[in-house]
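Hi there,

Here is the structure I promised to pass on to you. Have a look at it first, and then read my notes on its pockets and its ligand below.

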Amino acid sequence: MSGYTGKFITLEGIEGVGKTTNREYIRSLLEQTGKPCVETREPGGTPLGEALREMLLQHSHEGMSSDAELLMMFAARAEHLNKVILPALEAGNNVLCDRFTEATYAYQGGGRGINDKKIAELENWVQGDLRPDLTIILDAPVETGRERAGRRSAPDRIEKEQNDFFERVRHTYLELANHYPHRVAVVDASVALEKVQDQILHVMKQHGILD
Ligand code: Z5A
């Protein structure tokens, strides 16, 4: 839990499940709490983070080692926390972040096979006790997500991985929800948008984010 008066909400899932599509809706729900909402994303959210994002996603860095990828995610996160997330929470705002550390467990842990103890060490170092108040995992079969994402743009360096990589990512997300049910919720994102948003509203109420 963030321990701040504003809420720290993160949005997760494999590519194409609707994170970007649902951000505006979640933001409007958070604004019902009477506090402004700072919307941001990872990797990115700061000039340094966005530069690291470009290096992480562009094809010119094919073959990057998994450890380098992991450390760049946390370098971007350290900057993001210090310059954006913590100041926003300290000022009493809600923060809505498109991906955060659960993505690292899913992609670098589940996808790349890095031991989750290494990830937990970095998480504790960079974040201290800070954890999101609620992580919403938009879940859909890999084929559905990839088909939706493929309609939108050409794959980046991570998106060009094979289906088995994304199956491991999806599986790790679902495991995280099983381990941390008090702060990680799964929404079935394979259904029509209206039904996805009904579920989002429900989990936000269930987890005490909204009355
Ligand atoms: N990454 C990592 O490896 N480790 C980390 O620690 C972090 C990140 C933080 C960038 O993420 C990459 O960074 C990501 C993980 C890695 N790589 N991958 N793969 P990103 O979030 O910027 O990129 P993304 O995951 O590829 O997001 P996306 O492709 O933009 O997907 P999305 O935002 O979830 O989907 P969308 O754009 O909202 O929707 C896609 C399409 O589906 C669009 O046409 C919508 O209109 C449509 N859509 C959405 N919902 C529905 C429903 N319900 N029905 C029908 N159609 C729908």
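Fifteen residues line the second largest pocket, and Tyr105, Asp116, Leu176, His179 and Tyr180 are the ones nearest its centre. A pocket here is an open set of points on a 1 Å grid over the protein atoms alone, where a 1.4 Å probe fits, with protein on both sides within 12 Å along at least five of seven lines; lining residues have an atom within 4 Å of a point. The volume of this second pocket is about 310 Å³, where volume is the space filled by probe spheres set on the points, joined across faces, edges and corners. α4, α5 (116-127) and α7 (163-179) each give at least two residues to its lining; helices are DSSP runs (H or I, at least four residues), numbered from the N terminus.

A word on the source: this is a predicted model, in which local features need pLDDT of at least 70 and side-chain atom pairs count only at pLDDT 80 or more, while totals for chains, interfaces and linings use all residues. Residues are numbered from 1 along each chain as its sequence is written, and side-chain values use heavy atoms, with hydrogens and water left out.

Now to the largest pocket, with a volume of about 760 Å³. Of its 34 lining residues, Glu15, Lys19, Arg99, Arg152 and Glu159 are closest to the centre. Which helix supplies the largest share of this lining? That is α1, with five residues.

The ligand takes up the space of this largest pocket (a molecule sits in a pocket if more than half of its atoms lie within 2 Å of its grid points). Around the ligand are 29 residues, with Thr20, Thr21, Arg53, Arg99 and Arg152 coming nearest; to be near, a residue needs a heavy atom within 4 Å. In this shell, α4 gives the most, with four residues. By type, the shell holds 13 nonpolar, six polar and 10 charged residues; Ala, Val, Leu, Ile, Met, Phe, Trp, Tyr, Cys and Pro count as nonpolar, Asp, Glu, Lys and Arg as charged, and the others, Gly among them, as polar.

- Arg99: a polar side-chain atom is 2.3 Å from a ligand oxygen atom.
- Lys19: a side-chain N or O atom lies 2.7 Å from an oxygen atom of the ligand.
- Gly18: a backbone N or O atom is 3.0 Å from a ligand oxygen atom.

Happy exploring!

Conventions. A polar contact is a pair of N or O atoms within 3.5 Å; within protein, one must be able to donate a hydrogen and the other to accept it, and residues adjacent in sequence count only if both atoms are side-chain atoms.
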